[in-house]
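Have the sequence and the 3D view open as you read.

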Amino acid sequence: MSFSFKYKSVQLKSGGYIFRPLIPLIIGKERINIFGMLDSGSDITIIPKELAEVMKIEYGDENEVSGISGATVKAREGKISIQFGKGREIYNFEIPILVPEKEGLNLIIGRLGFFTQFKITFLEAEKRIEFKKVHSPMQHSRFY
């Protein structure tokens, strides 16, 4: 079986609009309902520092990470539980995360731990993402 979500319209600072692959999630022990942007170019899920503080995430090692700009930022490693799906297809699993020191970021859902759970198809012309559950390979204990 498979399920899909339509892209969400997001207003830009310039006043224009763009459609983004935002997906609904329930995260953490606190069961926080939130939208995260699905990003096939991101190695790992990025949790905003403010959200991580509310969730009281237990941190592991500190890393320096960089994004598309190439600038590095310090980030702490952690894990969160995720509930994701639609209708009768609801899945629970854990994914590794990084929590950057920089504030004001969005929740970015990266490949490690999430993309291994599903066959994911971005249907750009339809502004829709399709998910099909697959057998998940072994989980990673370290990120890199």
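Start with Phe 84 and Phe 118, both of which are buried. Keep in mind that you are looking at a predicted model. The two rings have their centres 5.4 Å apart, and with their planes at 80° the pair counts as edge-to-face. Phe 84 sits in strand E8 and Phe 118 in strand E11, so this pair ties together parts of the chain that are 34 residues apart in sequence.

Phe 84 has another ring partner to look at. Phe 5 belongs to strand E1 and Phe 84 to strand E8, a separation of 79 residues. While you're at Phe 5, look for Lys 86: its charged end sits over the Phe 5 ring, 5.0 Å from the centre.

The structure holds 16 aromatic pairs. One aromatic cluster takes in Phe 3, Phe 5, Phe 84, Tyr 91, Phe 93, Phe 114, Phe 115, Phe 118 and Phe 131. Tyr 91 in that cluster also has a lysine over its face: Lys 133, at 5.4 Å from the ring centre.

What about the nonpolar core? In soluble globular proteins, nonpolar side chains tend to be buried together. In this model the largest nonpolar core has 29 residues, and the members touching the most others are Phe 84, Phe 114 and Phe 131. Strands E1, E4, E5, E8, E9, E11 and E12, along with helix H1, each give two or more residues to this core. The biggest contribution comes from E9, with five residues.

Back on strand E8, find Gln 83.

Finally, the charges. How many salt bridges does the structure hold? There are five. One of them joins the side chains of Arg 111 and Asp 43, with N and O 2.7 Å apart. Both partners sit in loops: Arg 111 in the one between strands E10 and E11, Asp 43 in the one between strands E5 and E6, 68 residues apart. Arg 111 is partly exposed, at 33% relative accessible area, and Asp 43 is partly exposed too, at 37%.

Another salt bridge runs from Lys 79 to Glu 94, with the closest N and O atoms 3.7 Å apart. This one links strand E8 to strand E9, across 15 residues of sequence. Lys 79 has a relative accessibility of 54%, so it counts as exposed, while Glu 94 is partly exposed at 43%. Last stop: Glu 126 and Arg 128 form a salt bridge at 2.6 Å, N to O, and shared partners bring Glu 126, Arg 128 and Glu 130 into one network.

Notes:
Residues are numbered from 1 along each chain as its sequence is written. This is a predicted model: local features need pLDDT of at least 70, side-chain atom pairs count only at pLDDT 80 or more; totals for chains, interfaces and linings use all residues. Side-chain values use heavy atoms; hydrogens and water are left out. Helices (H or I, at least four residues) and strands (E, at least two) are DSSP runs, numbered from the N terminus. A salt bridge is a side-chain nitrogen of Lys or Arg within 4 Å of a carboxyl oxygen of Asp or Glu. Buried means under 20% relative accessible area, exposed over 50%, partly exposed in between (1.4 Å probe, protein chains only). A nonpolar core is a set of buried Ala, Val, Leu, Ile, Met, Phe, Trp, Tyr and Cys residues joined through side-chain atoms within 4.5 Å. Rings of Phe, Tyr and Trp (its six-membered ring) pair if their centres lie within 6.5 Å; planes under 30 degrees apart count as stacked, over 60 as edge-to-face and the rest as tilted. A charge sits over a ring if NZ of Lys or CZ of Arg is within 6 Å of the ring centre and within 35 degrees of the ring normal.
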